[in-house]
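These are my notebook entries on a structure I wanted to read with care. I set down what I looked up, together with the cut-offs behind each word.

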Amino acid sequence: MRLQIIQLLQQAAEPGIEGDVPLRERPPASAPLVQAAVLVPLVDHPAGMTVLLTQRTRHLRDHAGQVSFPGGRVEAHDADPVATALRETWEEVGLAPTQVEVVGELEPYATITGFLVHPVVGIVTPGFIPAPDPFEVEAVFEVPLHHVLKPGNYRREQRRHRGELREYFVLDYPDFHIWGATAAILVNLRRRLAGA
């Protein structure tokens with residue numbers, strides 16, 4: 001399955017279908033988008049792959065308490081989004097770039113909070129022991145990839161944001177509420193891996 005996943009991720013991305021998989025949350029047109037990158041870490045356990053996620057601490061300014069991929073803003077010294085994703089992952093959870101095999105990228109995702117997020121997919125050898133940054137990361141956990149790949153595990157919810165009704169994806173998983181940009185990126189991952 002590992003080779004099949006790599007092949008599917010290295011194929012050219014298809015454009016998203018509006019109303020099916022939102023690739024953006026329509027940020028305010030007046031605000032320039034802040035470039036950011038996240039790592040979508042697939043941990044290659046013998047019993048099956050998992051997706052490594054974090055829960056952000058509740059005092060952060062952006063996305064406090066939410067489930068997210070490790071990642072953050074692109075810095076001037078980062079060569080590209082891959083470098084950003086690997087650097088931020090090292091800083092946030094202690095996963096060294098040498099422990100990640102980058103195998104592809106997903107469609108960029110624009111958030112209503114003004115970020116253009118570049119998801120970078122990497123395969124991680126099992127045995128990694130997280131060392132989360134206590135300022136940024138409250139928890140590190142893994143979701144089985146087979147759970148992520150089941151369309152029936154997702155639902156849509158709505159909430160008002162700045163007076164406008166927004167619709168977003170939610171992935172049900174015990175003890176964690178995975179929603180918004182993170183869930184949408186997982187939907188895009190599922191679409192890319194539909195043949196896996």
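**Ground rules.** I noted that this is a predicted model, in which local features need pLDDT of at least 70, side-chain atom pairs count only at pLDDT 80 or more, and totals for chains, interfaces and linings use all residues. Residues are numbered from 1 along each chain as its sequence is written, and side-chain values use heavy atoms, with hydrogens and water left out. Helices (H or I, at least four residues) and strands (E, at least two) are DSSP runs, numbered from the N terminus.

**Cores.** I looked up the nonpolar cores, each a set of buried Ala, Val, Leu, Ile, Met, Phe, Trp, Tyr and Cys residues joined through side-chain atoms within 4.5 Å. Here buried means under 20% relative accessible area, exposed means over 50%, and partly exposed is in between (1.4 Å probe, protein chains only). The largest core has 36 residues, and Val51, Leu145, Val148, Ile178, Leu186 and Leu189 have the most contacts inside it. Helix 4 gives the most to this core, with 6 residues. A second, separate core of 13 residues includes Leu39, Leu86, Val100 and Val124.

**Helix 1.** Which residues of helix 1 (residues 2-9) are buried? I found Ile5, Ile6, Leu8 and Leu9. The elements they pack against include strand 1 (34-45), strand 2 (48-56) and helix 4 (180-192).

Strand 10 (residues 164-173) and strand 11 (residues 176-179) run antiparallel and are joined by 4 bridges; two strands pair if DSSP finds at least two bridges between them. These strands form a hairpin with 2 residues between them, and Asp175 in the turn has a positive phi of about 75 degrees. Tyr173 has Phe176 of strand 11 as its bridge partner.

I then turned to the rings of Phe, Tyr and Trp (its six-membered ring), which pair if their centres lie within 6.5 Å, with planes under 30 degrees apart counted as stacked, over 60 as edge-to-face and the rest as tilted. The structure holds 2 aromatic pairs. Phe141 and Phe176 form a stacked one, at 3.6 Å centre to centre and 5 degrees between the planes. Because Phe141 lies in strand 8 (residues 137-144) and Phe176 in strand 11, the pair ties together parts that are 35 residues apart in sequence. Phe141 is buried, with a relative accessible area of 8%.

**His147 and Asn153.** His147 lies in helix 3 (residues 145-148), and at 17% relative accessibility it counts as buried. Asn153, in the loop between helix 3 and strand 9 (154-161), is buried as well, at 18%. The backbone oxygen of His147 lies 2.8 Å from a polar atom of the Asn153 side chain; a polar contact is a pair of N or O atoms within 3.5 Å, where within protein one must be able to donate a hydrogen and the other to accept it, and residues adjacent in sequence count only if both atoms are side-chain atoms.

**Gln99.** Is Gln99 buried or partly exposed? With a relative accessible area of 33%, Gln99 is partly exposed. Leaving aside neighbours within four places in sequence, Gln99 is in contact (heavy atoms within 4.5 Å) with Gly94, Ile123, Val124, Thr125 and Phe128.
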